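Hello,

Here is the structure I promised to pass on to you. Have a look at it first, and then read on for what turned up in it.

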2 protein chains.
Amino acid sequence: MPIISNKGQHMPASPIRKLTPFAEKAKSEGKKVYHLNIGQPDIETPEGMLNAVKNIDFKVWAYTASEGTLSYRKKLTEYYNKLDYNIAPENIIVTTGGSEAITIAMMTCLNPGDEVIIPEPFYANYNGFACQSDIVVKPILSYIDNGFALPAISEFEKLITDRTKAIIICNPNNPTGYLYSQKEMQALKELVLKYDLYLFSDEAYREFCYDGRDFISPMHLDGLEENVIVMDTVSKRYSACGARLGCLITKNKEVLKAALKFAQARLSPGLVEQIAGEAAVDTPDAYFETVNKEYTHRRDVLVNALNQMDGVFCPNPGGAFYVVAKFPIDNADRFCQWMLESFSYHNATVMMAPATGFYSTPGAGQNEVRMAYVLNSNDLKSAMNCLQEALKVYPGRVEAEALADS
Amino acid sequence: MPIISNKGQHMPASPIRKLTPFAEKAKSEGKKVYHLNIGQPDIETPEGMLNAVKNIDFKVWAYTASEGTLSYRKKLTEYYNKLDYNIAPENIIVTTGGSEAITIAMMTCLNPGDEVIIPEPFYANYNGFACQSDIVVKPILSYIDNGFALPAISEFEKLITDRTKAIIICNPNNPTGYLYSQKEMQALKELVLKYDLYLFSDEAYREFCYDGRDFISPMHLDGLEENVIVMDTVSKRYSACGARLGCLITKNKEVLKAALKFAQARLSPGLVEQIAGEAAVDTPDAYFETVNKEYTHRRDVLVNALNQMDGVFCPNPGGAFYVVAKFPIDNADRFCQWMLESFSYHNATVMMAPATGFYSTPGAGQNEVRMAYVLNSNDLKSAMNCLQEALKVYPGRVEAEALADS
């Protein structure tokens, strides 16, 4: 029997999905499971987008241009230029989800063995994409105590070697919900220019900024034209995760030229999705206002409930729809599994993602858990009641003071 | 300005699409261009598949399982088991087009520097996918004179080193249309087992076999369970290239387990496509009978017309919808470009793909051209009239005898 590749062996399994068998078992035993583990919103996809799918009128479901249809790229340009990105359709390559934008950006810009610095905790699949391209991830710790703000630039500089080629930021952040400030973005800009690095900007959650805070993209900063690659997706913006429609944006012509070759190899993004994506750009502002109001409310429900629990701390994030909270527990993996296997309250339990999966530094995030507020506030309240009871009786409970001392 | 990766530099551009600017120019000058260059059929997508898209009734366009929905994998299992593949839904990972099935198979099975043997001419994008994974392609020449039959097994054995990990076949073949016989498949089986290799079987054109000939998959051969990975797509089967829906099939559990991790990293294949793909399995047999009758007719029109041209030779292939023909020309790249730039007949010209793009051996295929018979037979006849006139006056014409001697 031929053996599989080293990559096939070392490729990380999804930390978000690894507890799924325990959740399935809990459900088969009749327990209700509140899913706070995964970023699949319950928010409805805009009607205009779904109607565009229902109204397709072609007879042949044909390939499109590898870089995406001109029609969709023009419409996207409208969307981005309203945000002052100042781009043309030529700056966009349409991709199969944000995932493909990330893999193409990595293959285009980094050689095997090259290093990418990522503030952690970070979106777990960056590890997988780096593994695919034999790229080395250099994590840099951010801390729950200051809400996971951007680490000091001096900490970045300590990690920079002659193999460092890029920095990845996800803003607003998955998993922490942290929204980078103008000052933080400015500091990143100076760092990137000083060392001539790429800045990969994962903006999947751009539309989800709360409390009147502004979203700052590196596309808004002058002088970064050759350095910035935006990796975007419609997944969260329009609650259309299953559309697998994203894009890569850059003003760097060499990057565009090379990225197009990777896009050509896989021929084309989906036709129906691009038609739907074009309609999505016309989604009325009222949709986002309603959605953001709903998310803000949910966040408040979740964060308030968490901070009222004995020994729990949860920062109040400015964006996305995740929080990372610190629990008085010995081990997040054990705790999350125990919740599914051994605990119930009113015959229900809560599924969460242990934050360890979002850290690359061994041992980090042991008492932290990520929750996605993708359920309505009533369900969230029930889930929080359940969690509160669970923390009282969890056998591996460790008092916050003990943790602080450890 | 940060520099792009070596891969970004060396990644091949699509040889099928590289003449596109010349075609655009010809069209802008008012010339009609017969597109025989690309495998985008004009055949209509089955109604049932398009209706499934029009009838979607979900409110949230959600992720599916990374391996594809169970519902679609069950339906696919029905399809494959009618063909005697003897598989279960667990043997299938749904992919974003056949392209992703190929990249996942390569990453799962081969290390950087490992070698894959591919009979040439071959589907040009294998070069791109190999480049992405730093895999070395070892081409093995097949010859137009015997219709591009499988090269002798002894020729394969000459290429096998301790880095050889896999053989890729595309059957029926793109670009040659050649359909491997039971005897050829049996010979491949023995080779694969003798050297413990993977056999990647690209079966995109499975449904297109003509003249009553049988399609033989390595899935039909006992004893290859651990070696075979089928890479499939709905693109050609249902004329749904823009759906980007494919799958990877294997009975090798280690491969499945590793491949799933790559699938998890990119989260999910498209939801709408899987709904459509499920409906597609119920496409009535009459659809394929009509389509295959049409393709057989077109092939006959094309092959007969080509072989009646002075100095042209075209084998009569048993499957797919391509032919590779030998022309009395100095250089296929120059000829194909000249057709677009400098020739017209009744204000029309023909776009073809120079076969050089399908060879990896330098200099091979210089006087060969690939044509896809994806136009109706009237257009094909007009295109052939145009080509005949072109070959008479092409300044780089070389008589067949001279070529035979060269």
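Predicted model: local features only at pLDDT ≥ 70, side-chain atom pairs only at ≥ 80, totals over all residues.

Let me begin with the fold of one chain. Chain A has 14 helices and 12 strands. Its C-alpha atoms fill a box of roughly 60 × 60 × 50 Å along the principal axes. The radius of gyration of chain A is 21 Å, which agrees with the value near 22 Å that a compact globule of 406 residues would have.

Next, a few spots in the backbone of chain A. Most residues other than glycine have a negative phi, and most peptide bonds are trans. Against that background, Ala320(A) is worth a look: this residue is not a glycine, yet its phi is positive, at about 55 degrees. You will find Ala320(A) in the loop that runs between α11 (285-308) and β9 (322-326) of chain A.

There are also cis peptide bonds to inspect. One leads from Glu120(A) to Pro121(A), with omega near 5 degrees, and Pro121(A) sits in the loop between β3 (115-120) and α6 of chain A. Another joins Asn174(A) and Pro175(A), where omega is about 20 degrees. Pro175(A) belongs to the loop between β5 (164-170) and α8 (182-195) of chain A.

Now to the way the chains meet. The contact involves 80 residues of chain A and 79 residues of chain B. Together, chain A and chain B bury an area of about 6,500 Å², and carbon and sulfur atoms give 58% of that. Arg17(A), Trp61(A) and Tyr63(A) account for 13% of the area that chain A buries against chain B, more than any other three residues.

What holds for polar pairs across this interface? The rule finds 43 residue pairs in polar contact, both residues being at pLDDT 80 or more, but zero salt bridges between chain A and chain B. On the side of chain A that touches chain B, two or more residues each come from α1 (6-10), α3 (47-54), α5 (97-109), α6 (125-132), α9 (253-265) and α10 (271-280) of chain A. The largest share is that of α9(A), with seven residues. By type, this side of chain A divides into 39 nonpolar, 25 polar and 16 charged residues.

Best wishes

Key
Residues numbered from 1 in each chain as written. Chains lettered and ligands numbered in written order. Heavy atoms only, no water. Contact = heavy atoms within 4.5 Å. Buried area = accessible area lost by both parts, 1.4 Å probe. Salt bridge = Lys/Arg side-chain N within 4 Å of Asp/Glu carboxyl O. Polar contact = N/O pair within 3.5 Å; in protein donor to acceptor, adjacent residues only side chain to side chain. Helix = DSSP H or I, 4+ residues; strand = E, 2+ residues; numbered from the N terminus. Nonpolar A, V, L, I, M, F, W, Y, C, P; charged D, E, K, R; others polar. Rg over C-alpha atoms; globule rule 2.2 N^0.38 Å.
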